[in-house]
Amino acid sequence: MNRLKIYSVSEFNSLVRMVLGEDFGTVVVQGEVTGYRRRAGKLIFFEIKDKESRMNVFMLDHQLDVEIEDGMEVQVYGAPSLFKKNSGFHLRAVRVEPVGEGALAEALQLLKKKLDKEGLFAPERKRLLPRFPQKIGLITSPDAAAYNDVLRILQNRWTGLQIVFHPAQVQGDGSVNSIITAFDYFKDRKDIEAIILTRGGGSLEDLQSFNSEKIARAIFSSHTPVVVGVGHERDWTIADLVADKRAATPSNAAEIVVPDKEEVMAVIDTFERTIFRVMIDGLEDSQRRWQDGIAALFKGPQRWQEHYQQLFLLLGHKFASFTHKVSQKQKEVISGQQRLTNSISFFLTRLRDRLEQYNKLIKTLSPRATLERGYSLTVGSDGKILRSSKQVAIGDRLHTRLASGSIISETKETND
Amino acid sequence: MIKKKTTTKFNFADKFTELEKIAESFEEESVDLEDGLVKFERGLKLAEELKQKLGEVENRVETIKKKFSNIESEEKSEE
């Protein structure tokens, strides 16, 4: 009689686990996901099934880099195993891949939903690009047409730009890490004002890294705003959604990041024109006000004094300093920018001459000048300026203003 | 992001913004002649400087190369 070896439970458990591990190594099992659940944040359990059988699958959170859900067809990479405690048979997975275009697209949708929920796509967090950048970062493949397109457009559009180019692999194995390395490099460059991440168009598989969670998070956590441009694609990749600004193509990315120097030149021209126009209008306006003031001076003797006083205040101390400034300006403008000077210097000269004329006129017509010519001003007992002897009665006290000093007198006689 | 403001380096953004503000103030407020002359001069000077800057042609490209654990950078300028 053959003697069978007697095992303890745990011994047999270990033995079977070992045998399974040795004989099978890593296998790939395809089936439909069902009963997907996550425990304690890190442990992932689900079953895969086909028409006849189902099998438990177990893996750890960080080993699953794609979003899956019940109903999805997947390929599970792993090895058969038993749990130590309850000997539960399961497939110990290290990797899961969705199967078929449908499943890939579905996984992508799930990832989009997850990241959206976390706020990675939120419009509020998108940062503004600087208006006139001086230093920008560029992440792309040096072999790609995208690289040349971007540099060409940047060169045509703007000047004095420093471009820091960190080459990266934009598709295939290793592309995710390659791009992450580039972002890590730019983390330490506080002088970079914007980053362009770009590549040409391609299939869903080609663009896989641009739909990866890792790159989405790298873009999101970048201190510098990121512009993403994937060539000729109508659909938005996840990188497009997280980007601070999405470009339709690599060339478009360059257009977004720098302004067009022709446009900026035109804007500066309009600023210049505005400044000129308003300045000249302002000068014409002032001249008109002063002219009105002078004209009022002639509107009858009663209003002389008030207007003169107003004008004197208005022009008085300002006048001297302003004419000085105007003639100064005229000299500078003539010696400086020739094309700008002609109309304004002519205008300023005319203005200055007019102002000097008015000044002379005021001096001549002012009450003071008149008094100095020998005339005097007499005010009656009612305070009114006398023009007619009929305003006065015998015995009235009169106050007479001379060029120097005044006289108080009493009326003795009047003559009409 | 730290915005660098160096006294010797030409800062396009700052000068443009200053000119923009001067033009805006001319549009909106009635111009006081004395202040106006000062702003007028400053505005024209800024416009001249900015336009001159736009006339320059070169961008510079710096390529980052990673060799093992060292990062080497080589500069090449492009016309």
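Me: Which side chain of opposite charge is nearest to Arg157(A), and how far away is it?

Reply: In this predicted model, Arg157(A) is found in helix 3 (residues 145-157) of chain A, helices being DSSP runs of H or I with at least four residues, and strands runs of E with at least two, numbered from the N terminus. Arg157(A) is buried, yet has no salt bridge; buried means under 20% relative accessible area, exposed over 50%, and partly exposed in between, with a 1.4 Å probe and protein chains only. A salt bridge requires a side-chain nitrogen of Lys or Arg within 4 Å of a carboxyl oxygen of Asp or Glu, and Lys and Arg count as positive, Asp and Glu as negative, with His and the chain ends not counted. The nearest side chain of opposite charge is Asp260(A), at 4.5 Å.

Me: Which residues does Arg157(A) touch, not counting residues up to four places away in sequence?

Reply: A contact means heavy atoms within 4.5 Å. By that rule, Arg157(A) touches Ala254(A), Glu255(A), Val258(A), Pro259(A), Asp260(A) and Lys261(A).

Me: How is the model to be read, and what is the average pLDDT of chain A?

Reply: Residues are numbered from 1 along each chain as written, chains are lettered from A and ligands numbered from 1 in the order written, and side-chain values use heavy atoms, leaving out hydrogens and water. Local features need pLDDT of at least 70 and side-chain atom pairs count only at pLDDT 80 or more, whereas totals for chains, interfaces and linings use all residues. The pLDDT is the predictor's confidence in each residue, from 0 to 100, and 80% of the residues in chain A score at least 70. The average for chain A is 84.

Me: Over which residues of chain A is the pLDDT below 50?

Reply: Where pLDDT is low, the predicted coordinates should not be read in detail. One such stretch has nine contacts in the model beyond near neighbours in sequence. The pLDDT is below 50 over residues 337-341.

Me: Which residues of helix 2 of chain A are buried?

Reply: Helix 2 covers residues 100-118 and has 19 residues. What covers its buried residues includes strand 4 (73-82), strand 5 (89-98), helix 5 (213-220) and helix 6 (238-242) of chain A. The buried residues are Ala103(A), Ala107(A), Leu108(A), Leu110(A), Leu111(A), Lys112(A) and Leu115(A).

Me: Which residue follows helix 2 of chain A, and what is its phi?

Reply: From its first C-alpha to its last, helix 2 reaches 27 Å, close to the 27 Å expected, where the expected span is 1.5 Å times one less than the number of residues. The helix is followed by Gly119(A), whose phi is positive, near 95°.

Me: How many residues apart in sequence are the parts that Arg125(A) and Asp244(A) tie together?

Reply: The side chains of Arg125(A) and Asp244(A) meet in a salt bridge, at 3.5 Å from N to O. Arg125(A) lies in the loop between helix 2 and strand 6 (135-140), and Asp244(A) in the loop between helix 6 and strand 10 (245-247). Both residues are buried. The pair therefore ties together parts that are 119 residues apart in sequence.

Me: Where do Lys187(A) and Asp184(A) lie?

Reply: Their side chains meet in a salt bridge, at 3.6 Å from N to O. Lys187(A) is partly exposed at 39% relative accessibility, and Asp184(A) is partly exposed with a relative accessible area of 39%. The two residues are three apart, about one turn, and both lie in helix 4 (residues 175-187) of chain A.
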